[in-house]
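Please take a look at the protein chain below.

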Amino acid sequence: ARVFWYHLRKLPFQCGYSNKLRGGIHAHVLWLCLSGVATSSVSPGWEGRQTLEWVLIAISPLAFVAGVAIVWWRIHTMDRFLNRLHAEYEVSLLDNESASEFGDRKRGGGQGRSRNNEASAFMEGAQSVKSTFSAVDRPKSRSAYEAFFDTEWEARRAFSTGGGAYVCCRRLLARRDAEDLPFLNFMVGKAIAEHPDCL
């Protein structure tokens, strides 16, 4: 059971099919272990012992299917979480863009300068993937005072654990989409802010 739980938390393979297959095998082995405990706890002279064994053996394929379904549900839940976090990322981009345009207009730069800045930023990001990770947003760590009196911090956190952040980043990389690199940059910065010990 502990190995199956660890598999659900880590999802060690990049391929979803491999994770589902291994999850089904773990669930099947777990069911066989529980079946062995159930049959060994029954008295050898009990008349229904053989019937119980056959029933447990007949259910074992369903345990494999259940393991695959549980892993599928875990992957599907993670994908929904990534979509929700991506929506938060897009909102933050809109907020930063609005603040930048407001600052340019206030300085007399106008809309043309804002568009030129956006175009140059896009070209710089397209020239090198490395530049995407060179400016990872690393917010300063919270002080002991802030950590003690900020009662809403747990509700605002996107990742409950550092391991969860790591698995989500791996899941995003498994999509192999270069357009997700800025979003990955956002996720890494958020993970560092919420779990500095995961570095």
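Helix 8 and helix 9 run roughly antiparallel to each other (an angle over 145 degrees; under 35 counts as roughly parallel, 65 to 115 as roughly perpendicular and the rest as oblique). This is a predicted model, in which local features need pLDDT of at least 70 and side-chain atom pairs count only at pLDDT 80 or more, while totals for chains, interfaces and linings use all residues. Residues are numbered from 1 along each chain as its sequence is written, and side-chain values use heavy atoms, with hydrogens and water left out.

**The helix 8 and helix 9 pair**

- Two packed helices are described by the angle between their axes and the distance between the axes.
- For helix 8 (residues 162-173) and helix 9 (residues 181-194), the axes come within 10 Å and cross at roughly 175°. Axes here are lines fitted to C-alpha atoms, for helices over the stretch in contact, and angles run from 0 to 180 degrees between N-to-C directions.
- Which residues meet where helix 8 and helix 9 touch? Ala165, Cys168, Cys169, Leu172 and Leu173 in helix 8 meet Phe183, Leu184, Met187, Val188 and Ala191 in helix 9, where contact means heavy atoms within 4.5 Å.
- The residues of this contact divide into 10 nonpolar, no polar and no charged. Ala, Val, Leu, Ile, Met, Phe, Trp, Tyr, Cys and Pro count as nonpolar, Asp, Glu, Lys and Arg as charged, and the others, Gly among them, as polar.
- Helix 8 has 12 residues and reaches 17 Å from its first C-alpha to its last, close to the 16 Å expected at 1.5 Å a residue. The expected span is 1.5 Å times one less than the number of residues.
- Buried residues of helix 8 are Ala165, Val167, Cys168, Cys169, Arg170 and Leu172. Buried means under 20% relative accessible area, exposed over 50%, and partly exposed in between (1.4 Å probe, protein chains only).
- Arg176 lies in the loop between helix 8 and helix 9, and with a relative accessible area of 77% it is exposed. Arg176 also has a positive phi of about 55° although it is not a glycine.

**The chain as a whole**

- How many helices and strands does the chain have? The count is nine helices and zero strands; helices (H or I, at least four residues) and strands (E, at least two) are DSSP runs, numbered from the N terminus.
- Buried residues make up 27% of the 199 residues in the chain.
- Among contacts between residues at least 6 apart in sequence, 70% join residues at least 24 apart.

**The largest nonpolar core**

- This core has 23 residues, and Phe81, Leu85, Phe159, Cys168, Phe183 and Met187 touch the most other members. A nonpolar core is a set of buried Ala, Val, Leu, Ile, Met, Phe, Trp, Tyr and Cys residues joined through side-chain atoms within 4.5 Å.
- Helix 1, helix 3 (49-106), helix 8 and helix 9 each supply at least two residues of this core, and helix 3 gives the largest share, seven residues.
- Leaving out residues up to four places away in sequence, Phe159 touches partners including Phe81, Leu85, Cys168, Met187 and His195.
- His195 sits in the segment after helix 9 and is buried, with a relative accessible area of 7%. Its C-alpha atom is separated by 7.1 Å from that of Thr161, 34 residues apart along the chain.

- Setting aside neighbours within four places in sequence, His7 is in contact with Pro12, Asn19, Arg22, Gly23, His26 and Val71.
- His7 and Gly23 are 16 residues apart in sequence and 7.1 Å apart in space, C-alpha to C-alpha.
- Asn19 belongs to helix 2 and counts as buried at 3% relative accessibility. Beyond residues up to four places away in sequence, Asn19 touches His7, Leu11, Pro12, Phe13, Val71 and Ile75.
- The 25 residues of helix 2 (residues 16-40) should span 36 Å at 1.5 Å a residue, and the end C-alpha atoms are 36 Å apart, which agrees.
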